[in-house]
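Here is a short tour of a protein model, written for someone new to reading structures. Have a look at the picture, then follow along below.

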Amino acid sequence: MALTFQTVIGLEIHVQLATKSKLFCACSTDYIGARPNSNVCPVCLGQPGSLPVVNGRAVELAVMVGLALGSTVQQATRFHRKNYFYPDLSKDYQISQYDLPICAGGRLSFRDDDGVEVSVAITRAHLEEDAGKLVHPSADGRLAGARYSLVDYNRSGVPLLEIVSEPDITSPAHARRYTEEIRRLVRCLGVSDGDMESGSLRVDANISQKVSDGRWGSRVEIKNMNSLRSLERALEYEVKRQRKVLGEGGEIRQETRHWDDGEGKTRPMRGKEEAHDYRYFPDPDLPPLIVESDRLKGIAAVMPELPWQAESRLVSAYGLSDDDAKIFAESADTVAYLDGCIRAGADPKRAANWIRTEVLRVLNEQKIDLATFTLEASDLASLLALVDGGKLSTTAAKDVFDVMVRDGVALEPAMTASGVTAGLVEGSQLEDIADKILAENEEAVEAVRSGRDPKGKKVKFLQGLIMRETRGQADVAQVEDLLRRRLI
Amino acid sequence: MAVGEKEVRHVAQLARLEVDDGEVAALVEHFNTILGHFERLKEVDTSSVADVLDNAVVTPWRDDEVRIWENRDEALAQAPDRDGDYFRVPQILEEA
């Protein structure tokens, strides 16, 4: 009988916490584009005699994630030293947590691409400090060939929360979905920007295969996946590779492999064969970390609405489709904007439609976010009220919207600037427009009058021009009637 | 618990310290003396002592405020090797 395989994946996600200062010192965490070694001090340079002092905000952000994941927030925890010798660590140890992580247990549930509910248990989430950055000045920027390396400690000590899942994930697609959900969560909580490309969210995967003949393939760790797409591709590659080896009766080597996005394959990392021997021990510089009950209650009280809570509220309260709700719940700002619009009187579905198609389009085009978007939710609501009241066509409203956004002005001046008036274009105003269009299209007019428009195509053409001239603000029946009278 | 040559060489390797054969035997003895002290400490009855987590000393929380350290140039100047703004270190292990 042919062998069948079951994929087993566990993920470790490192999230950089959005604090202003580092985890154990007051240096800035703003290292991207900063002059090398400009955000450093004796603590993050590992100078003898320097002492770490924990950043309370980082602890709070970690607690928020724990509460959102349904973890047990351990009120009495401590920090350990994880010892290893590598130049990106100034102290030759990383301050991390070992036996008592700040968050223990938890669960993350989501729907997969087919809409099937998936639930992944969380093992733990612990606080630790980031390492520095190594620069390898060889021709192609890779390690091989360089005779020396350069170290920048600006990132050294930036707070990280490492979220570890149980090996509950059964496919590369689910691994990607799980990561998307974690990213959405940390963004919504304001805990991290969750950007994989810049490294504020980094994923390591442990993947193995269970074979139908009872064999278990060894666990392989995959690193260097810098986007959701490369995460899924790397795991798909690894599933195939491991199944092929096991299918041929071979054995999987327990090792760490490096994803090469250009080549589209994973490769073993050399030099890492030596078993890790981190010799964890409690950091004597840091007494126990206590999260007082009052503090914990205070954090719980200011927890924002979680993405999955927002998603179901948008469906039940506003009647949005599941897909729309998901798009909105991607960011708390978008949800707040929609809420603001609806509070100011807009119809929920129309508001959702406009925000999704028009507002998000502008944000995309201008590469900005809602925080810097000039159009207030209430201004959009007053514009939509005119559309709802039949005072403004969708076409005209879009023109006005563009002016409001472009010039940063309120509804009235935007309408004046775009030459749009509320209400139907009718009577003499409509007649003037029709006459202008007819005068500009004598050929078509002649054709209709002399009976050379049996299918009425030219009449439709003229009607279209008139509607366009009124920006859709005329009543179609009135236009048809007017044309019939003019074209006899 | 006692250690032998193998453990000493392993620890030296983890710390990237060069230890010649002559030193190993002496280090084995030092290690075992130190470990012996801890073995003795283990004999103390600590059942009435509160867990370290219940200790009155707790880690203080710092406010999330940035302070710039002014002496980074001095720190760089003291490095054994530098390259402009960077610390320079010997070549790191090769990739496959």
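## Salt bridges in chain A

Let's start with Arg267(A), which counts as partly exposed at 26% relative accessibility. Here "buried" means under 20% relative accessible area, "exposed" means over 50%, and "partly exposed" is in between (1.4 Å probe, protein chains only). The side chain of Arg267(A) meets that of Asp260(A) in a salt bridge, at 2.6 Å from N to O. A salt bridge, by the rule used here, is a side-chain nitrogen of Lys or Arg within 4 Å of a carboxyl oxygen of Asp or Glu. Some salt bridges share partners, and that joins Asp113(A), Arg176(A), Arg177(A), Glu180(A), Glu181(A), Arg184(A), Glu232(A) and Glu311(A) into one network.

Over all chains, the structure holds 48 salt bridges. In one of them, Arg233(A) pairs with Asp261(A), with the closest N and O atoms 3.4 Å apart. Arg233(A) lies in helix H3 (residues 228-247) of chain A and Asp261(A) in the loop between strands S15 (256-260) and S16 (265-268), so the pair ties together parts that are 28 residues apart in sequence. Both ends are partly exposed: Arg233(A) has a relative accessible area of 26%, and Asp261(A) has 41%. Next come Glu238(A) and Arg257(A), whose side chains meet in a salt bridge at 3.7 Å, N to O. That pair also links distant parts of the chain, with Glu238(A) in helix H3 and Arg257(A) in strand S15 of chain A, 19 residues apart. This time both residues are buried, Glu238(A) at 0% and Arg257(A) at 7% relative accessible area.

## Where the values come from

This is a predicted model, in which local features need pLDDT of at least 70 and side-chain atom pairs count only at pLDDT 80 or more, while totals for chains, interfaces and linings use all residues. Residues are numbered from 1 along each chain as its sequence is written, chains are lettered from A and ligands numbered from 1 in the order in which they are written, and side-chain values use heavy atoms, with hydrogens and water left out.

## How chain B meets chain A

How many residues of chain B are in contact with chain A? There are 35, and they touch 60 residues of chain A (contact means heavy atoms within 4.5 Å). The area buried between the chains is about 4500 Å², and carbon and sulfur atoms give 60% of that. Buried area is the accessible area (1.4 Å probe) that two parts lose on being put together, summed over both.

The rule finds 1 salt bridge across this interface: Asp85(B) meets Arg35(A) at 3.0 Å, N to O. As for polar contacts, the count between the chains is 19 residue pairs, both residues at pLDDT 80 or more. A polar contact is a pair of N or O atoms within 3.5 Å; within protein, one must be able to donate a hydrogen and the other to accept it, and residues adjacent in sequence count only if both atoms are side-chain atoms. On the side of chain B that touches chain A, helix H1 (5-14), strand S1 (61-62), helix H3 (72-77) and strand S3 (86-90) each supply at least two residues. S3(B) gives the most, with 5 residues. Helices (H or I, at least four residues) and strands (E, at least two) are DSSP runs, numbered from the N terminus.

Strand S2 (residues 54-55) of chain A runs parallel to S1(B), joined by 2 bridges. Two strands pair if DSSP finds at least two bridges between them. In S1(B), Arg62(B) is the bridge partner of Asn55(A).

There is also an open sheet of 4 strands, in the order S10(A)-S11(A)-S3(B)-S2(B), with antiparallel pairing. S10 (133-135) of chain A and S2 (82-83) of chain B stand at the edges, each with a single partner strand, so one side of each is left without a neighbour in the sheet. Within chain B, S2(B) and S3(B) are antiparallel and joined by 2 bridges, and Asp83(B) has Tyr86(B) as its bridge partner in S3(B).

Most residues other than glycine have a negative phi. Asn37(A) is not a glycine, yet has a positive phi of about 55°. Asn37(A) is found in the loop between S1 (5-16) and S2 of chain A and is buried, at 0% relative accessibility. Arg279(A) is not a glycine either and has a positive phi of about 45°. Arg279(A) sits in the loop between S16 and S17 of chain A and is partly exposed, at 32% relative accessibility.
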